[in-house]
Amino acid sequence: MAAGETQLYAKVFNKLKCRSTPSLLDPLLGMGFPAHTALKALAATGRKTAEEASNWLHCHCNDPSLDDPIPQEYALFLCPTGPLLDKLQDFWRESRRQCAKNRAHEVFPHITLCDFFTCEDQKVECLYEALKRAGDRTLGAFPSAVPLVLHSSISYLGFFVDDSPADVIREFAVMFATEASILADCSVKPCTKQLHLTLAHKFYPHHQRTLEQLARAINPGHRCQWTAALYSRDMRFVHYQTLRVLFQYKPQNVDELTLSPGDYIFVDPTQQEEASEGWVIGISQRTGCRGFLPENYTERASECDTWVRHRTYTFSAAPDMSSRKDGEASSRRNGEPNPPSSSRSLSSLQSPQATIVRRSVLVVRHGERVDQIFGKSWLQQCTTPDGKYYRPDLNFPRSLPKRSRGIKDFENDPPLSSCGIFQSRMAGEALLDSGIRITSVFSSPALRCVQTAKHILGEFKLEKKVKIRVEPGIFEWTKWEAGKTTPTLMTLEEMKEADFNVSLDYRPAFPLASLLPAEGYDDYVHRCAVSMEQIVSTCPQDAGVILVVGHGSALDTCTRPLLGLPPRDCADFAQLVRKIPSLGMCFCEENKEEGKWELVNPPVKTLTHGSNSAFNWRNWIQGN
């Protein structure tokens, strides 16, 4: 924006009572930032201070989209505060603990007043004035109490707002939309249908009764001040997954992201073809840069965690002029209604179990696979021109078992890395120390799974006594496998020759030849459910652990049938599985008294470790 435009902008808005954009814009222009990027930074940070906008610009100095004229999206919500909010937050926590996460957990408790809309960066200040004007006109008529009526259906649970007060709130939303159109030239669609405060949405039908019981504990008559809050979000990432960084990570390669705890990463689940297992491609909210990152350094965040709160207007029965000032600002990313993050209590920590007194199923993901570390071209890195295997790095295994069709078949059926073998042995040692008794072992036909099972049994000194029953029915979802054909896996005879103690007598639920390439999700979860039914039915009824070694997906698809749970939504399933680490475990115990299986703490704790990049001493000496 030219200097003349900036001066005109200042003239138009110098009558606004709140801090005007020019007062925040001038310091940024004085630092040498172009007007259009300075305005973009102010909009992205909620126009709190020039210093915060300046920090945003410094962080985004390498952001390839910095000069793109992409506005923020804005929405207006009516948010509860005080005792009612406390009760709603209790419901949020308990419903998630007892019934798992549903769509309502993505956003704080609120009543939506308008759909998301765009506003040019230089006109956002006008939205604040629109909010103030609409609030001032509605204040006298705003109800002292907003009556809420509980409504429940098979996929929705929430409070509906009664008609008369709802009319006043809808009128406020229409006023805001009108003022925003006049002052900021924005097209705002106010909510004119049934106003509601959602408690749960798109949950499993069998959770409905539990959710209703939790909702009845909320007294909608609790004292509450309602606050209209204006939020913004980055419109480019509306359909992305949001990850929160847990651990610091320093890039090992130029195409990787720098991670700091608390950063947010936007990930497009449909654009992950280039990422190796355990890695994702994402865009950092803090820097705007795109790159690879280790997914186990993150956790799934809520949709609203990256939203920015701009201004609020509080409807208060008691005179409280300070709470109504439109200059009230906040750049807290998750907004006031979000509950504070609480530290884990001691009771939630896993503790080893001394003995297993019930029949149990322990589902374990395989150890680290070699292509997870060295990429899809790992086989080319360890193959001589005449097709023989050699060890180019200590994390490559010492040797590979013989296969009738040669070394090429390892490309889509990779072995464990040296670290993967170590992980498997460490897990086996810990399981031995926990006091469990393994009575049966089942494994996916993938080499890495059979290897993991062998090394776990080795720590129990059972590798020669307990046979591994290979069950192709728990093999990975074939849609995720490379190529248009099912990978060529080792035969039982080849495994036997390679010193794997596999059973030649076991008749699997699904023979190897029955695996179809690119199968549908429903076919896959059905295959796993049928396989688990056979695995449990073929094992003795006495106390002991049935060890099932499979893939990350098996921790979900092989336990939910036992627990009587329906299959997870396909999109949620894909995101969940990507976060399961090597040797991740799920543990189910049979409760014969109640005729059901229960998910309990695994007998051992999880295994966490960092990465270790390649090192070339010669280049290091010459470079220094």
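Helices here are DSSP runs of H or I with at least four residues, strands are E runs of at least two, and both are numbered from the N terminus.

Quick caveat: this is a predicted model, with local features needing pLDDT of at least 70 and side-chain atom pairs counting only at pLDDT 80 or more, while totals for chains, interfaces and linings use all residues. Residues are numbered from 1 along each chain as its sequence is written, and side-chain values use heavy atoms, leaving out hydrogens and water.

Back to H5. Its buried residues are Leu 84, Leu 85, Leu 88, Gln 89, Phe 91, Trp 92, Ser 95 and Cys 99; buried means under 20% relative accessible area, with a 1.4 Å probe and protein chains only. Looking down the axis of H5, they fall within an arc of 155°, so they line one face of the helix, the arc being taken over directions from the axis to the C-beta atoms. After H5 comes Ala 100, with a positive phi near 70°.

Now E7, residues 226–233. Eight of its eight residues are buried. On one side sit Trp 226, Ala 228, Leu 230 and Ser 232, and on the other Thr 227, Ala 229, Tyr 231 and Arg 233. E7 runs antiparallel to E1 (residues 72–80), joined by eight bridges; pairing takes at least two DSSP bridges. Leu 76 has Leu 230 as its bridge partner. Seven bridges join E7 to antiparallel E13, residues 308–315, where Trp 226 stands opposite Phe 315.

Key. Buried means under 20% relative accessible area, exposed over 50%, partly exposed in between (1.4 Å probe, protein chains only).
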